[in-house]
Amino acid sequence: MTGDTRRHDGARRPGDPAGGQAAGSVPQQSPTPLGRLVATVERLRREVLEAQAAADGRALVELAKGILIGQLRCTPAAAARQLDVLCRESGMSPLGLAADIVNQASRDHVSEIAAEFVERAATAPDPAGPSATVSVRLRTAESGVLAAAADTQAVAEALLTNALHPLGAVAVAVWTAVPDGSLALAGHAGFAPGEAARWRHVPPGVSTVARLALRRRQLVTLGRLAHEGLPSIGHLQWPDGGRMAVPTGTGGRIHGVLEICWPEPLAPQPPQIERQVEALAELCAHTMDVAPPRDLTATDAVLPDVAELIDLAEGLQDPAVVLTPVLDSEGRLGDFRIRHTGSRFVDPVGRPRGDVNGALLLEAYPMAAGESGLFDIIERVHATGEPFRAERMSLTALVDQIPLSSVADISVSRHGAAVLLIWRLEDGKARLANLLQHAQRLGRIGGFEENLATGETTWSAEIYALHGLPAAGPPVRLRELPGYAHPDDSAALGRFLRAVLRHRRPASVNFRLQRSDGITRHIRVIAEPVLDADQQLHAVRGAYQDISAQHWTEVALAATRDRLAHSEAESAERNRLALQLQHAIMPPSPPAIEAPGLRVAVRYRPAETESLVGGDWYDTVVLPSGLVMLSVGDIAGHGIEAATGMVVLRNALRGLAVTGAGPAQLLTWLNTVTHHLAKHVTATAVCGVFDPSTRVMRWARAGHLPPVLVRGGEAQAFPLIEGLLLGALPDVTYVEREVRLEPDDTLLMFTDGLLERRDCSVQDSLGHLVTAAAAGAGDLDGQLDRLLAESRSDTDDDTCVIGIKVG
């Protein structure tokens, strides 16, 4: 049919302004027999809806008449006339007046809400508008609920039609809280039929809007369902809509949850609206107290013997499951509900009984629906009554979407309309024996027992393989082992046998087993004595283990350890020689140097790890011309090569400085020396030439950090002029700059070990050094000591710093 069937999903109601065509109009159809039939069905459906809505209103009016009969002690006709008179005098509608009469007479929760709304109407008017008061809506809904008290589905429809549509709601769900922690959809209105079918059962532990209200035990308002990340019925229909959920209960016991849906985002609601929703939930609670979910009611009605079958399942020694059929609206079998799991029930995937009880079979075990699977077997037994039994049947269950198989003996039988399922998972002892067998095979271990009274020896199959003997051959007794062992192991085997057979103590021994096929295996035997009731030696039991791989691994490790020890000794000797050479050229605590017009102090801190012998150097030379050459440098790398390279470059620069060339030319020559060293190395350096008569210093850099000048309590680094590191290219020209120093100026030249850190850039570290240098005060030695103490370097590199104080 193509007519509007939205009465059942709550999308449109009579009087709804969004309903499309005006009330009473007939949809325009093609003038065909089918079109006329559709129009007729639509008209009849609308008339039925209007009649149902009017019936709820008439029930409220009749209730008001009953109150007047009781108060005035008049006849029903007189009460009807009195109600008409009151309507004319007050100007109120019959429904509104009936609601007021019921409120005044009942003095219940609904009347309290109506009175509260009247008091607050000036500041918070009813969202439904003046045409429908709170009192009328709630009392009309109450009448519909009372008329359908035995049918929770009808209760949900009455609530939506009479009380929630005026608030803008489009759907309502009534959930029943099942004792096992799950939720059952007891009634619904406004949702598509397929959507309601998918949500008829929510297993324990699944977070939904209704469960959130249960957990908080109070009304919950969600402005936008999509923002909360909580699934619930209808979330695909109205993903951006709002929700309200409130627990329903009586006598302090919560029976379920009333959940209300809006198609659009829901703004925060005033307290009076929340009170109205709570009143509706209270109405639901009175019906849910006596009305279980519809699917459970229908199932129990045709299964009067379920309780007896549950008692039978509890009396069985095997794990048992009681199943009842779940039929669809057309009476066809759709699934089975797990009504009970016995106390000895064992879930194939290890879940507790509470997670399975009450669930649908295909929800708990979806893999049972496979071809010729468990579900087909149960369905056939339920249909024909023929029992089914099978041994070692494979059961497959999903664990985090991963199939997990187990083996079980299955028995399925029908009892009345119910089905008893028994599955006995594979015996744990058999599984343990199988596991032990695989462990022995992987570990190349075999067990034995030797009866000393009868001389009988029992071997596992693995020991035959270790000895290279056929499985049907005779085992080798313990006393015969020396004849199969290497001669050098005879003494050890003798001590082992005496300990076990004579002294009756557990013992073990390692020996080389010489097999008949010429293969030698390294074997470990572990044995313990078994004493009888008279404390006499009765038997010996133990295990053989093939340790050949372990033996050869130990031999290889021993050889590797010897080679490592030799290499470590050689490395230690190399480092010792490099350290001696370094300290001979660069003593860790050199004395202060006095030069014309300035005072020079040096601090040198070797690396914290002695194995990291570095290539840092410093030098101060008074040249024949009276000028003073100052330099610091750093060879890349560590070890003997770095130390010898440092000596070569330091001495080469000292010799070249005698020529009187400027610092740029000196670095150019030094780059040529570095590039042509036997073992190619690279280095950084800063070179300066100071003229005491003019206090002018010329300087150049080769990939090194610039000096820092401290003057008048302020510090700044020299500009970062061009200069490639030494040894990178054969021909490099360096740039030279000059600076005039003032009396009491302090110039700092250093290597990167003073400031370099792994967690920050070099520029940030240089800025920290400049700040620390400016804060320093006192004599030159004190300044250098403070710089070393406050250094944040974490690279375990050598550190060299030169302080030049201008006189």
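I started with Arg 695, which sits in the loop between strand S21 (683-691) and strand S22 (696-702). (Helices are DSSP runs of H or I with at least four residues, strands are runs of E with at least two, and both are numbered from the N terminus.) The model is a predicted one, where local features need pLDDT of at least 70 and side-chain atom pairs count only at pLDDT 80 or more, while totals for chains, interfaces and linings use all residues. Residues are numbered from 1 along each chain as its sequence is written, and side-chain values use heavy atoms, with hydrogens and water left out.

**Entry 1: positive phi**

I looked up phi for Arg 695 and got a value near 60 degrees, which is positive in a residue other than glycine. Arg 695 has a relative accessible area of 29%, so I put it down as partly exposed. (Buried is under 20% relative accessible area, exposed is over 50%, and partly exposed is in between, with a 1.4 Å probe and protein chains only.)

Arg 504 also has a positive phi without being glycine, near 55 degrees. I found Arg 504 in the loop between helix H17 (490-502) and strand S14 (507-514). With 38% relative accessible area, Arg 504 is partly exposed.

I noted Arg 217 too, which comes just after H8 and has a positive phi of about 55 degrees.

**Entry 2: the whole chain**

I counted 22 helices and 27 strands. Of the 807 residues, 43% are buried. Next I checked contacts (heavy atoms within 4.5 Å). Among those between residues at least 6 apart in sequence, 59% join residues at least 24 apart. The chain exposes about 40000 Å², with carbon and sulfur atoms supplying 55% of that area. (Accessible areas come from the Shrake-Rupley method with a 1.4 Å probe, and for residues only the protein chains shown count as cover.)

I wrote down the buried ones: Val 209, Ala 210, Arg 211, Leu 212, Ala 213 and Leu 214.

Then I moved on to Leu 225, in helix H9 (residues 225-228). Leu 225 has 3% relative accessibility, so it counts as buried. Which residues does Leu 225 contact, leaving aside neighbours within four places in sequence? I got Val 209, Leu 230, His 235, Pro 239, Gly 241 and Arg 243. I also checked Met 244, which is 19 residues from Leu 225 in sequence and 10.0 Å from it in space, C-alpha to C-alpha.

**Entry 3: Val 732**

Val 732 is in the loop between S24 and strand S25 (737-740). Its relative accessible area is 12%, so Val 732 is buried. Not counting residues up to four places away in sequence, Val 732 touches Thr 668, Asn 671 and Leu 724. Leu 667 is 65 residues from Val 732 along the chain, yet their C-alpha atoms are separated by 9.0 Å.

I checked the length of helix H21 (residues 762-775). At 1.5 Å a residue, its 14 residues should span 20 Å, and the end C-alpha atoms are 20 Å apart, which agrees. (The expected span is 1.5 Å times one less than the number of residues.)

In H21, I found Ser 765, Leu 766, Leu 769, Val 770, Ala 772 and Ala 773 buried. They cover an arc of only 165 degrees around the axis, which puts them on the same side of H21. (The arc is that of the directions from the helix axis to the C-beta atoms.) An α-helix has 3.6 residues a turn, so residues three or four places apart point the same way. Thr 771 and Ala 775, on the other side of H21, are exposed.

What do the buried residues of H21 pack against? I listed strand S23 (708-711), strand S24 (714-717), strand S26 (746-750) and helix H22 (780-789).

In H22, the buried residues are Leu 780, Gly 782, Gln 783, Leu 784, Leu 787 and Leu 788. They pack against strand S18 (598-605), S26, H21 and strand S27 (799-806).
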